[in-house]
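Reader: Hi! I'd like to walk through this one with you before I set anything up. Could you bring it up on the screen?

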Amino acid sequence: MSAHLPALQIALPLMAAPFCLLLRKRQLVLGFGILVCWLSFAVSVGLVRQTLEVGEIVYSLGGWDAPWGIEYRIDLLNASMLALVSLIAAIVLTYAPASLAREIPESKQYLFVPAYLLSMTGLMGIAITGDLFNVFVFLEVSSLSSYALISLGRDRRALTATLQYLVLGTIGATFILISIGLLYMMTGTLNMADMATRIGAMESMRTVHAAFAFFCVGVGLKVALFPLHVWLPNAYTYAPSVVTAFLAATSTKVSVYVLLRFVFSVYGYEFAFSSMPLDTMLLALSLLGIFVASAVAIFQRNIKRMLAYSSVAQVGYMVLGISFASVSGLTGAIVHIFNHALMKGGLFLAMGCIVLRIGSARIDDMAGLGKRMPLTMFAWVLGGLSLIGVPLTVGFVSKWYLIEAALEKDLWWVAGLALLSSLLAVLYVWRVVEVAYFREAPAGAQREEAPLSMLIPTWLLIGASVLFGIRTEWTAGIAQKAAALLLGVGP
Amino acid sequence: MSPVRRQHVILRVVAKLLIPYILLFALYVQFHGDYGPGGGFQAGVIFGAAFVLYGLIFGLERAKAAAPPRIIEILVSLGVLLFAGVGVASMFKGGNFLDYGVLEHDPLAGQHLGILVIELGVGITVTAAMITLYFYFAGRGRA
């Protein structure tokens, strides 16, 4: 069966989603969903081990060989993306039952799981496939189901947030489709590896340039690269906590992966950074994004919204790493994909615990929470420290690589700005810490920790973000190999 | 039935006459998809359109009696499962996912069987999804 792991990775959650509708009972559906997520994670671990052993795995769907058929092409980079998405999906869904009971109407809870599984299928499909049009299809699968998930939020503003995301997401997807159409017209193929070999001869043609620009802008919307991020804060703020945690930790990360794959594996970095000014664009936009979004985050009163703006800033660090186009820069970008997924996932899960107990995500309602929910708040603080980039957390590892990459290129001012931006993170994290630990709890509030079913998954993610901050060889080691693969400079 | 509806005798009679043929035509499009234009998606839309027409003429309640939403919801997922089930079946027969050439001894017959079942799955899901969409839009504001 191990030869069929690539197909199982997608088919398992894809089939489980409609099966949930047949089960229908809330407990059954949730239990089944959790089981499927952990099984998917097991499959993706199998895939990572295979790629570590044999390098690249190719799986032709329906027995039709590429470039005619659709193939799944898995190397270390996307195998680890698959593992990341399925791990986060499994942890978040394990956490979900108690939080859902509070945040989603009872009648809709059995519909939540299929949408969640489909969203996960879409995200993993984007990562696994070697066919550009298939990327678009899975992008739509994941987007449509995430619109549905966000609209489940209890606040009616979730609906307008969804509509906003839907409109912008569709524009992004359309741009991507236009780009794929142009590329198909020029190269006559949709297979990424095949396209990469044909595109070299056409690099001077305007259509190929236009396709590149369309794709980068389209993916920029999905990545929430500043200034294309406007959909993100509302969507993250009004979605149910579980959905926010899942999407924040996976959705933008997979989009960054698509950008990496497209720029480095299809076009090649010489084209992107020499013929096209992608590096300057990305450098400028990511730095702007880091500073503007962090500054906006400082003034938010709703912590979910604050974390959402912080996500925009953190995406800036990943894109900053890409803009260097060097092994250490890409290592920083890839490792930050993982690290940010762990810490932001953990932070949003901790937020979910807080919302469960105090029924609000407003900073003013968190007075004295350090005493009322010590374990949750401590997890939150650790996640916050990681956002800042304090040593012994994963945030430090990513920033280390990014600054190293900047110094390699003699961009002293960029390294300085990256350090300076950490101070902004200190400010917004500190605001929460101050209210939670140094302000008196309102009279009559008692200690009420979140249930263990939610605390354990939260601490799993936060614990991982500390563990990988100390044992850097696993994540950074894999990221380094993946970066070398992308740049084609030997393992 | 409301008095307004009673006036539309022509509509009701014509609809009753047409609906069986619409359903039949949908089945033709479904199963002739192997040889000519057609297939599961088109057939599903036509099949669903028959139910939509029934609902428009005779009212939502009677349409829901003819196609109970609970069963339609099951059909939506059954179609997808049928499609993916073919993929899994071909995996158990030793091929790749969705490689339905291995379903029979003769690859040609296998391809034939595979696409037939897959298109049936598509047809079922599209029909059920069409009907569900209609129910939701027609039922808006009635709580």
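This is a predicted model: local features need pLDDT of at least 70, side-chain atom pairs count only at pLDDT 80 or more; totals for chains, interfaces and linings use all residues.

Reader: Nice. And how many of the residues of α4(A) are buried?
Author: 17 of the 20 are buried, so α4(A) is largely enclosed by the rest of the structure.

Reader: Which residues have the most contacts inside the largest nonpolar core?
Author: Those are Val85(A), Ile88(A), Val92(A) and Ala127(A), in a core of 227 residues.

Reader: Take Val85(A), then. What does it touch, not counting residues up to four places away in sequence?
Author: Val85(A) touches Met120(A), Leu123(A), Met124(A), Ala127(A), Thr250(A) and Val254(A).

Reader: Let me switch to the serines. Where is Ser80(A), and is it buried or exposed?
Author: Ser80(A) sits in helix α3 of chain A, residues 76-103. It is buried: 25 other C-beta atoms lie within 10 Å, and the cut-off for that label is 20 or more.

Reader: And which residues is Ser80(A) in contact with, leaving aside its neighbours within four places in sequence?
Author: Val48(A), Ile478(A) and Ala482(A). As for Arg102(A), 22 residues apart from Ser80(A) along the chain, the two C-alpha atoms are separated by 33 Å.

Reader: What about Ser421(A), buried or exposed?
Author: Buried, with 22 other C-beta atoms within 10 Å. Ser421(A) belongs to helix α18 of chain A, residues 412-438. Beyond its neighbours within four places in sequence, Ser421(A) is in contact with Ile290(A), Phe291(A) and Ser294(A).

Reader: How far apart in space are Ser421(A) and Ala313(A)?
Author: They are 9.2 Å apart, C-alpha to C-alpha, while 108 residues apart in sequence.

Reader: Zooming out, what is the secondary structure of chain A, and what is that of chain B?
Author: Chain A comes to 20 helices and two strands. Chain B has six helices and zero strands.

Reader: Now the interface. How many residues of chain A are in contact with chain B?
Author: 14 residues of chain A are in contact with 16 residues of chain B. On the chain A side, α1 (5-23) and β1 (57-60) are the elements that give two or more residues. The largest share, eight residues, comes from α1(A). By class, that side has ten nonpolar, four polar and no charged residues.

Reader: Last one: where in chain A is confidence lowest, and where is it highest?
Author: It is lowest in helix α11, residues 269-275, at a mean of 82, and highest in helix α5, residues 132-150, at 94. Chain A averages a pLDDT of 90, and 99% of its residues score at least 70.

Key: Residues are numbered from 1 along each chain as its sequence is written. Chains are lettered from A and ligands numbered from 1 in the order in which they are written. Two residues are in contact if their C-beta atoms, placed from the backbone, lie within 7 Å. Helices (H or I, at least four residues) and strands (E, at least two) are DSSP runs, numbered from the N terminus. Ala, Val, Leu, Ile, Met, Phe, Trp, Tyr, Cys and Pro count as nonpolar, Asp, Glu, Lys and Arg as charged, and the others, Gly among them, as polar. A residue is buried if 20 or more other C-beta atoms lie within 10 Å of its own, exposed if 12 or fewer, and partly exposed in between; C-beta atoms are placed from the backbone. pLDDT is the predictor's confidence in each residue, from 0 to 100. A nonpolar core is a set of buried Ala, Val, Leu, Ile, Met, Phe, Trp, Tyr and Cys residues joined through C-beta atoms within 7 Å.
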